[in-house]
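Dear colleague,

Please find below the structure that I promised to hand over to you. Once you have looked through it, read on for what was found in it.

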Amino acid sequence: MTILSSQEAYQKSLQGGLLVDVRTKPEYEAMHARGAEHLPLDSLTIEKASELRRKVFEDEQILLLCKSGKRASRAASIFSKAGHPDVCVVEGGTDQWVQANLPHLRGPKMMSLERQVRIAAGVLVAVGAALTYWVNPAFTIVPAFVGCGLVFAGLTDWCGMGLLLAKMPWNR
């Protein structure tokens, strides 16, 4: 796996490299690099990576793009397992791509997955607190569970609630 700046990735894409955006559908539709194919990480399998590998020529590189680079790195490991030898991750993702003023398309503004997680966590904590106060003190388990999940997500950079929300119909 090679890490490229957005400028380097753009040059490679002009030379025949295949840009692949692994973010969720709402993120992709809200803004994406011009010419990028959409292949969400949550639906990326070794089989799909192998299928995409067969579509590109031997000398073409696959340039993986996400919001900041973390999901693209996970996708790179899947492509490696599928036998693709030359996978590149675009450092800084689409945030850096836009900052570098590289060609991109904007669609209708969508609610980001990160924002959905914050809203869902807040609702669960508020409902859990209300149930604790008005129904039964045992409901303190709800806000405690959400709090532990947020701490775990912060420490490991893996968010179960985010993965669950990404599978919801409005994010498809």
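Let me begin with aromatic pairs: rings of Phe, Tyr and Trp (for Trp, its six-membered ring) pair if their centres lie within 6.5 Å, and planes under 30 degrees apart count as stacked, over 60 as edge-to-face and the rest as tilted. By this rule the count comes to three aromatic pairs. In one of them, the ring centres of Y10 and W97 are 6.0 Å apart and the planes stand at 85°, so this pair is edge-to-face. Because Y10 lies in helix α1 (residues 6–14) and W97 in helix α5 (residues 93–99), the pair ties together parts that are 87 residues apart in sequence. Another pair, F152 with W158, is also edge-to-face, with 6.2 Å from centre to centre and 80° between the planes.

Please keep in mind that this is a predicted model, in which local features need pLDDT of at least 70 and side-chain atom pairs count only at pLDDT 80 or more, while totals for chains, interfaces and linings use all residues. Residues are numbered from 1 along each chain as its sequence is written, and side-chain values use heavy atoms, with hydrogens and water left out.

How exposed are these rings? Here buried means under 20% relative accessible area, exposed over 50%, and partly exposed in between, with a 1.4 Å probe and protein chains only. W97 is buried at 1%, whereas Y10 is partly exposed at 22%. F152, at 43%, is partly exposed, and so is W158, at 45%. Of the 172 residues of the protein chain, 37% count as buried.

The cysteines come next. A disulfide is a covalent bond between the sulfur atoms of two cysteines, and here it is taken as a pair of cysteine sulfur atoms within 2.5 Å. By this rule the count comes to zero disulfides. C66 is in none, since the nearest cysteine sulfur, that of C88, is 14 Å away. The sulfur of C159 is 14 Å from the closest cysteine sulfur, in C148, which is too far for a bond. C66 is buried, with a relative accessibility of 1%, while C159 is partly exposed, at 28%.

As for the whole chain, it has eight helices and seven strands, which are DSSP runs numbered from the N terminus (helices H or I, at least four residues; strands E, at least two). Its C-alpha atoms fill a box of roughly 65 × 35 × 25 Å, taken along the principal axes.
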